[in-house]
Amino acid sequence: MTCPGCGTPLDPSAAFCGACGRQLASPPQQAYPPPQQFAPQPYQAPPAFTMRPYPIIMQQRLTRLTGQMFLAPTRLFFICESTKGGMAVAIGRGVGGLIGGAIAAFGAPTPGQAPIVFDEPTLYRAAHERPGSLIMEPPQIRQIKHTLWWRGIWFDGKTYGLPEGLSKDLRHELGLWCQANGVRSKGLIK
């Protein structure tokens with residue numbers, strides 16, 4: 001670039017000629033790209049935290065509780081299906097990872113509706129309507145053990161034995177849950 005008045009070579013960003021003092025055309029302005037246009041997106045609610053049922057048998061003194069354990073982010077739900085032994089134990093084993101009819105009735109869809117989703121409000125309702133059910137908050141749980149000699153949950157001043165133990169999946173998930181919530185545990189994560 002040169003000065004149009006005297007022909008002296010100039011710096012491209014110069015506003016005046018250093019030799020003759022002539023004002024040069026204003027330096028080129030930095031061109032910014034136009035702001036991007038974003039198409040508005042419809043609001044999508046975050047997915048609800050749904051929980052998987054784990055079949056479990058717990059023993060509190062002489063009462064055998066057969067049901068399902070659900071791990072919520074900050075609490076454990078035990079939904080009791082039966083407070084009897086024998087046949088209820090066989091049914092609990094046959095249910096596997098699926099929920100029994102007593103719990104399914106809380107959220108059974110009618111034709112054309114979405115499948116059953118187990119979320120905390122549904123489980124709160126089920127726990128209050130099913131005798132023997134428990135809602136376990138971390139501060140109330142003293143510890144959870146699954147070792148060769150001890151298998152139990154110490155909750156709210158009571159000991160709930162685990163005569164059948166915990167499934168491998170439940171042990172792992174429960175171990176992670178205990179770590180996240182500051183609950184003492186032993187033998188859960190391997």
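Is Arg52 buried, partly exposed or exposed, and at what relative accessibility? Arg52 counts as partly exposed, because its relative accessibility is 42%, where buried means under 20% relative accessible area, exposed over 50%, and partly exposed in between (1.4 Å probe, protein chains only).

The model discussed here is predicted, so that local features need pLDDT of at least 70 and side-chain atom pairs count only at pLDDT 80 or more, while totals for chains, interfaces and linings use all residues. Residues are numbered from 1 along each chain as its sequence is written, and side-chain values use heavy atoms, with hydrogens and water left out.

**Salt bridges**

The structure holds four salt bridges, each being a side-chain nitrogen of Lys or Arg within 4 Å of a carboxyl oxygen of Asp or Glu. Three of them are listed here.

| Pair | N to O distance |
|---|---|
| Arg52 and Asp169 | 3.6 Å |
| Arg75 and Glu120 | 2.5 Å |
| Arg125 and Glu129 | 3.7 Å |

The side chains of Arg52 and Asp169 meet in a salt bridge, and this pair links distant parts of the chain, with Arg52 in the segment before β1 and Asp169 in helix α4, 117 residues apart. Helices (H or I, at least four residues) and strands (E, at least two) are DSSP runs, numbered from the N terminus. Asp169 is partly exposed, with a relative accessible area of 44%.

Glu120 forms a salt bridge with Arg75; because Glu120 lies in helix α3 (residues 120-129) and Arg75 in the loop between β2 and β3, the pair ties together parts that are 45 residues apart in sequence. Both Glu120 and Arg75 are buried.

Arg125 pairs with Glu129 in a salt bridge, and these residues are separated by about one helical turn because they stand four residues apart in helix α3. Arg125 counts as partly exposed at 40% relative accessibility, and Glu129 is partly exposed with a relative accessible area of 49%. Salt bridges that share partners also join Arg75, Glu120 and Glu137 into one network.

**Nonpolar cores and surface patch**

A nonpolar core is a set of buried Ala, Val, Leu, Ile, Met, Phe, Trp, Tyr and Cys residues joined through side-chain atoms within 4.5 Å. The largest such core has 24 residues, of which Met58, Met69, Leu76, Met136, Ile153 and Leu174 touch the most other members. Among the elements that each supply at least two residues of this core are β1 (54-60), β2 (63-71), β3 (76-82) and α4 (168-181), and α4 gives the most, with four residues. Leu174 touches Leu71, Leu76, Ile144, Leu166 and Leu188, not counting residues up to four places away in sequence, a contact being heavy atoms within 4.5 Å. A second, separate core of ten residues includes Phe70, Ile79, Leu123 and Ala126.

On the surface, Leu148, Trp149 and Trp150 form a nonpolar patch with about 500 Å² of accessible area together. Trp150 is placed in the loop between β5 and β6, and Trp150 counts as exposed because its relative accessibility is 51%.

**Cysteines**

With a disulfide taken as a pair of cysteine sulfur atoms within 2.5 Å, the count comes to zero disulfides. Cys6 is in no disulfide, and the nearest cysteine sulfur, that of Cys17, is 3.6 Å away. Cys6 counts as partly exposed at 39% relative accessibility, whereas Cys80 counts as buried at 1% relative accessibility.

Note on methods
Patch = residues over 30% accessible without salt bridge, like charges linked within 9 Å, V, L, I, M, F, W, Y side chains within 5 Å. Areas by Shrake-Rupley, 256 points an atom, 1.4 Å probe, with all protein chains shown as cover.
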